[in-house]
Amino acid sequence: MKTRKSSDFFWAYLMIAPTMLGLFIFYLWPIFQTLYFSFTEWGAFGQYEWTGLDNYKRMLEDTNLLKSFKNTGIYIIITVPIGIFFSIIIAVLLNQKIKGKSVYRTLYFLPVITMPAAIAMVWKWLYNSDYGLLNYLISLFGIKGPQWVSDPKIALYSIIVVAIWSGIGYNMVIFLSGLQGIPKSYYEAAEMDGAGPISVFFKITLPLLSPVIFFLSITSLIGAFQVFDLIFMMIGKSSTALESTQSVVYLFYQHAFVLNDKGYAAAIAVLLLIVILIITAIQMVLQKKWVHYD
């Protein structure tokens, strides 16, 4: 019996060994490596030396880091709740008995499977101040369109619009699965009691969707903290709007791959990880007050 049990353990560990090895090599080891490098200063030809807490002390005086966190914070505060809100509304509408539901679902989901670089390039063309489609439509009313991605005052919000648009499809699919898991008996009972659609939405649909909302709020927030591709593709390196749109990850990219300041870049990555862990932990604690699993 012991021999058979030992054999079962051997084959079980052997089967999961490739996954565990990949997890260690591509996820766990880079985390420890980044943590170590955050205490170093890099020079030419990949040479580095231990500098202790110098990179973290430098953060306290780095105004660019503070601005990047501010830009990222604005991006998160707008994209996460608005994206989830529109996703719920669209999912509820597409969960009704309407013609062409599959077509609509496909159209909303297309941006999710499209390369972010392609999305950014298309929207950059739409936002072009000289020959872009948006400014052309605005000019039909005799109004001069703004410089969507080069004006520091509105460039970040232009990127936010693209982020919300491109993220709705994924959230919508998750919400649709959550809606289809709600027993129809609840809606039938509400209809017998004479409840209207708005009352049903707020008293039945939303509370029963709270676990899905909680899941998407965490994943959306983590994804928003890591925004980079849209900014990199839509905002030029010499653009006057770069400072007002630069995210924390974009600042990390600048130090790691442009300035060759990999020690400070690693410190930024560690700080970002800590911030995400803290906010996620707060969300996990607060979810007990509003998430209903029953």
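Helices here are DSSP runs of H or I with at least four residues, numbered from the N terminus. The model is predicted.

Q: Where does Asn260 lie, and which helices are on either side of the loop?
A: Asn260 lies in the loop between helix 12, residues 248-258, and helix 13.

Q: Why is Asn260 called partly exposed?
A: Partly exposed is the class between buried, under 20% relative accessible area, and exposed, over 50%; because the relative accessibility of Asn260 is 31%, Asn260 counts as partly exposed.

Q: What makes the phi of Asn260 worth a remark?
A: Phi of Asn260 is near 55°, which is a positive value in a residue other than glycine.

Q: How do you know that the length of helix 13 agrees with its number of residues?
A: Helix 13 covers residues 262-290, and at 1.5 Å a residue its 29 residues should span 42 Å; the end C-alpha atoms are 42 Å apart, so the two values agree.

Q: Why is Gln283 called buried?
A: Gln283, which lies in helix 13, has a relative accessible area of 16%, and because the cut-off for buried is under 20%, Gln283 counts as buried. Other buried residues of helix 13 include Gly263, Tyr264, Ile276 and Gln287.

Q: What does Gln283 touch, not counting residues up to four places away in sequence?
A: With that exclusion, Gln283 touches Phe214, Ser217, Ile218 and Leu221.

Q: Why does Phe214 count as buried?
A: Phe214 has its place in helix 9, and because its relative accessibility is 8%, against a cut-off of under 20%, Phe214 counts as buried. Leaving out residues up to four places away in sequence, Phe214 touches Gln283, Met284, Gln287, Trp290, Val291 and Tyr293.

Q: How do helix 3 and helix 9 cross, and what is the handedness of the crossing?
A: The axes of helix 3, residues 63-94, and helix 9, residues 197-225, come within 10 Å and cross at roughly 140°, and this crossing is right-handed. Among the residues making the contact are Thr72, Tyr75 and Ile76 of helix 3 and Phe201, Thr205 and Leu206 of helix 9. By class, the contact has 14 nonpolar, five polar and no charged residues.

Q: How do you know that the span of helix 4 agrees with its number of residues, and where does helix 4 bend?
A: The 13 residues of helix 4, residues 101-113, should span 18 Å at 1.5 Å a residue, and the end C-alpha atoms are 19 Å apart, which agrees. Helix 4 bends by about 30° at Leu107, with a proline, Pro111, following within four residues.

Key: Residues are numbered from 1 along each chain as its sequence is written. This is a predicted model: local features need pLDDT of at least 70, side-chain atom pairs count only at pLDDT 80 or more; totals for chains, interfaces and linings use all residues. Side-chain values use heavy atoms; hydrogens and water are left out. Axes are lines fitted to C-alpha atoms, for helices over the stretch in contact, and angles run from 0 to 180 degrees between N-to-C directions. Helices (H or I, at least four residues) and strands (E, at least two) are DSSP runs, numbered from the N terminus. A crossing is left-handed if the near helix is turned anticlockwise from the far one by less than a right angle, and right-handed if clockwise. Contact means heavy atoms within 4.5 Å. Ala, Val, Leu, Ile, Met, Phe, Trp, Tyr, Cys and Pro count as nonpolar, Asp, Glu, Lys and Arg as charged, and the others, Gly among them, as polar. The expected span of a helix is 1.5 Å times one less than its number of residues. The bend at a residue is the angle between axes fitted to the seven residues ending there and the seven starting there. Buried means under 20% relative accessible area, exposed over 50%, partly exposed in between (1.4 Å probe, protein chains only).
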